[in-house]
Amino acid sequence: MRAVLFDLDGTLVDHESASRVAIDGWVREHGIVHRHPTEVLAQEWLRLESVGLARYLSREVTFDEQRRRRMAAFLGFLGQPAVDLDDRFSSYLVRYEQAWTAYDDVAPTLAALRDRGTAVAVLTNGDQTQQTQQTQQTAKLEAVGLGDAFSCVVASSTLTAAKPAAEAFVQACDRFSHAPGDVLYVGGNLATDALAASRAGFGGVWLNRDHRPETETPWRTVHSLVD
């Protein structure tokens, strides 16, 4: 393998932890009284995020609209009126960005790949057509010390399809100037990342940090990027 493509959230950056910290702080900031523990709030927020992003990636709604719907649904979960959705999401976003961190295994892994002369890039499902989102994607890597680590960062909105479609992986490879058979794709989602990449002709690697059971077997499974 001559190159490695990485997913971003859940692979390089600890998105779930940042979301948990941010949603807990957001609820406290807005003085919302609720009956749920923080972990339940975070789980519901992440569930709504998954639903919203799926609708965005299937082009049912715009990126901003999925954010509004997510916030409206979350406010309903809290028993609050669905008002000031953009402002409320923006206040969450500030806290989320402040909580960005890279996983501990990222820096040593990238250093080892660099020493071996292996090229590295990022392919993530997301919207890179809007200036704010484009800034967030690059700012996320810069904020965790990875701003100069990758030869390119590709978001699905700049491609004709999003993961798990094979076209997303192949077109990202074209940007990356490597053939699929020479590339590992590493991601934290078994279906969307590892299995989909394997079917597209890549070495699909599932980064199974939580040791979840494998419903299907990808090309390879690891529990840490160092592996």
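Here are a few friendly notes on one helix pair and one cysteine in this predicted model.

1. Helix α3 covers residues 63-77 and helix α4 covers residues 85-98. Their axes lie 9 Å apart and meet at an angle of about 90 degrees. Because angles of 65 to 115 degrees count as roughly perpendicular, α3 is described as roughly perpendicular to α4.

2. Which residues make this contact? From α3 come Arg67, Arg68, Arg70, Met71, Ala72 and Leu75. From α4 come Leu85, Asp86, Arg88, Phe89 and Leu93.

3. Now take a look at α4 itself. This helix has 14 residues and spans 20 Å from its first C-alpha to its last, close to the 20 Å expected at 1.5 Å a residue. Its buried residues are Leu85, Arg88, Phe89, Ser91, Tyr92, Leu93 and Tyr96.

4. Next, find Cys173, which sits in helix α7, residues 166-176. Is Cys173 buried or exposed? Its relative accessible area is 0%, so Cys173 is buried, since buried means under 20%.

5. What does Cys173 touch? Leaving aside residues up to four places away in sequence, Cys173 touches His178, Ala179, Pro180, Val183 and Phe202.

6. One distance is also worth checking on screen. Cys173 and Leu78 are 95 residues apart along the chain, and their C-alpha atoms are separated by 43 Å.

Key
Residues are numbered from 1 along each chain as its sequence is written. This is a predicted model: local features need pLDDT of at least 70, side-chain atom pairs count only at pLDDT 80 or more; totals for chains, interfaces and linings use all residues. Side-chain values use heavy atoms; hydrogens and water are left out. Helices (H or I, at least four residues) and strands (E, at least two) are DSSP runs, numbered from the N terminus. Buried means under 20% relative accessible area, exposed over 50%, partly exposed in between (1.4 Å probe, protein chains only). Contact means heavy atoms within 4.5 Å. Axes are lines fitted to C-alpha atoms, for helices over the stretch in contact, and angles run from 0 to 180 degrees between N-to-C directions. Angles under 35 degrees count as roughly parallel, over 145 as roughly antiparallel, 65 to 115 as roughly perpendicular and the rest as oblique. The expected span of a helix is 1.5 Å times one less than its number of residues.
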